[in-house]
Amino acid sequence: MITKKSFFLTAFILFFAIKSYSQFPPAQGPPPVSGEPIIREIPTFIIKNIINIMLRDSIVPEINANILAEDPPIGINVSYTFEQRKPFMTETKYTDRPNEKIVTLPFKIDFKLDLSGIPDRHIFQNLFINVSCKNWFSNSGKMQFDLHAERPFLDGPSFTEQAINFFVGNWLTPFIDNKISSELPGAIRKSIPIELFKPDCNCLSVTAAGAAPSFEDSFIRYQKKFKPRLDLISVNSSIQISVDSIKRLPANNFESGTVLYDSVENINVEIYANHSAKNFSLAQIREGQTRLFTDNKMLVGRPGTGGSLILIANVTQANNRRDTRFIVFNSNQNFGNGVQKLIVRKSYFTKPTRLPNGSLSKPMEVFRDAYEITVTIKSSGMEMMR
């Protein structure tokens with residue numbers, strides 16, 4: 001019998017297990033612009049104008065053309081207003097690859113529906129332009145602009161429309177909602193071309209300026225600083241990582257007692273050390289077995305004080321199910337110098353159970369240690385020369 005005390009204790013433990021394994025590897029860059037060489041600037045109004053042209057010349061005319069083509073035609077015309085919001089620095093949130101710092105420019109679109117004899121309806125859409133310095137960690141970093149538009153949402157009917165809808169037999173509002181919603185652009189993710197004379201970069205910042213809430217005098221700043229080639233980095237300014245082995249640990253479903261996921265697995269192991277990566281394919285691995293890796297060495301530049309070495313491990317099953325884990329070593333830890341273990345976990349969801357109050361519990365994700373990956377880190381010049 002499950003007591004209230006044992007239930008909440010289990011929930012408490014599982015909550016923190018979920019919390020600790022749902023974080024994202026921290027972004028390591030690009031660093032903010034500073035000093036020389038020349039810092040380049042892009043006013044955000046330029047990006048706003050590009051989006052405005054897309055709305056004016058293609059998106060809104062297409063919506064109106066589709067509405068006009070309805071049989072019978074719907075007496076609705078769509079117009080819009082477009083507002084910028086305060087830009088800010090943020091980070092990508094990948095769990096299975098290195099993250100980066102980006103500039104986000106938020107916008108809000110208000111599509112106005114002009115209906116004959118009926119108060120206007122509005123459709124709102126949040127749109128973001130994410131500005132990144134792609135491959136900033138190399139000598140080939142380039143500015144990139146990605147558009148992300150959320151799915152638009154239709155504002156509710158006015159009191160007048162509700163009254164008209166009632167007197168015509170409650171068909172008007174559902175008709176408007178269904179017809180208009182079917183013509184709206186869905187969620188959009190795409191790169192947008194912005195011509196730059198020199199897009200080369202490895203540093204990125206944003207300055208918010210101008211009156212709130214639009215901050216239309218804001219600008220993006222970027223620059224390209226000299227970065228030594230990785231193959232020319234000396235042993236004293238680099239870290240060598242050897243991915244030595246992987247051991248498959250026993251991992252069972254507590255409820256059913258069955259093996260997670262299969263008794264015999266064919267897996268792909270992907271390891272990131274900062275932005276360097278290695279891939280290994282393993283066939284027919286069973287619990288308790290250890291496999292050694294060959295061609296397993298990676299070299300990364302030694303971060304400065306305050307920097308870090310981030311190891312990310314992904315284990316992908318033949319059915320493309322992926323489990324991931326990361327670990328961070330800071331400069332005060334000598335970037336993990338020595339032999340380190342990285343544990344990747346598998347998971348399963350518990351079945352609902354009857355609680356003391358008669359309700360059913362929600363499924364919860366349970367994690368089990370599944371793979372032990374051994375790496376050797378050499379972050380000392382003298383050790384690396386041995």
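1. Let's start with Pro30, which sits in the loop between helix 1 (4-20) and strand 1 (40-43). Helices (H or I, at least four residues) and strands (E, at least two) are DSSP runs, numbered from the N terminus. The peptide bond from Gly29 to Pro30 is cis, with omega near 5°. Pro37 is found in the loop between helix 1 and strand 1 as well, and the bond leading from Glu36 to Pro37 is cis, with omega near 0°.

2. A word on what you are looking at: this is a predicted model, in which local features need pLDDT of at least 70 and side-chain atom pairs count only at pLDDT 80 or more, while totals for chains, interfaces and linings use all residues. Residues are numbered from 1 along each chain as its sequence is written, and side-chain values use heavy atoms, with hydrogens and water left out.

3. Now the overall picture. The chain has five helices and 19 strands. Of its 386 residues, 39% count as buried; buried means under 20% relative accessible area, exposed means over 50%, and partly exposed lies in between (1.4 Å probe, protein chains only). Among contacts with a separation of 6 or more, 68% are between residues 24 or more positions apart, where contact means heavy atoms within 4.5 Å.

4. Which residues have the most contacts inside the largest nonpolar core? They are Ile51, Phe111, Leu127, Ile129, Met143, Phe145 and Ile220, in a core of 33 residues. The elements giving two or more residues to this core include helix 2 (44-68), strand 2 (76-84) and strand 5 (118-134). Strand 4 gives the most, with seven residues. A nonpolar core here is a set of buried Ala, Val, Leu, Ile, Met, Phe, Trp, Tyr and Cys residues joined through side-chain atoms within 4.5 Å.

5. Leaving aside neighbours within four places in sequence, Leu127 touches Ile51, Leu105, Pro106, Phe107, Ile109, Leu147, His148 and Ala149. There is also a second, separate core of 32 residues, and among its members are Ala251, Ile267, Val315 and Val366.

6. Next, an open sheet: four strands in the order 13-12-16-17, with antiparallel pairing. Strand 13 (276-286) and strand 17 stand at the edges with a single partner strand each, so one side of each is left without a neighbour in the sheet. From one strand to the next, the twist averages 15°; the axes are lines fitted to C-alpha atoms, for helices over the stretch in contact, and angles run from 0 to 180 degrees between N-to-C directions. As background, strands of a sheet pair through backbone hydrogen bonds, either parallel or antiparallel.

7. Within that sheet, strand 16 (residues 308-316) and strand 17 pair in the antiparallel sense over nine bridges. Two strands count as paired if DSSP finds at least two bridges between them. The bridge partner of Ala313 in strand 17 is Arg325.

8. How many salt bridges does the structure hold? There are 13, a salt bridge being a side-chain nitrogen of Lys or Arg within 4 Å of a carboxyl oxygen of Asp or Glu. One of them joins Arg322 and Asp96 (2.8 Å, N to O). This pair links distant parts of the chain, 226 residues apart: Arg322 is in strand 17 (residues 322-330), and Asp96 is in the loop between strand 3 (88-91) and strand 4 (101-115). Arg322 counts as partly exposed, at 37% relative accessibility, whereas Asp96 counts as buried, at 15%.

9. Another salt bridge brings together the side chains of Arg345 and Asp369 (2.6 Å, N to O). Arg345 lies in strand 18 (residues 338-349) and Asp369 in strand 19 (residues 365-378), so the pair ties together parts that are 24 residues apart in sequence. Salt bridges that share partners also join Asp96, Arg97, Glu270 and Arg322 into one network.

10. Finally, two backbone details to look up. Gln284, in strand 13, has a positive phi of about 55° although it is not a glycine. Phe335, in the loop between strand 17 and strand 18, likewise has a positive phi of about 55° without being a glycine. Is each buried or partly exposed? Gln284 counts as partly exposed at 47% relative accessibility, and Phe335 counts as buried at 2%.
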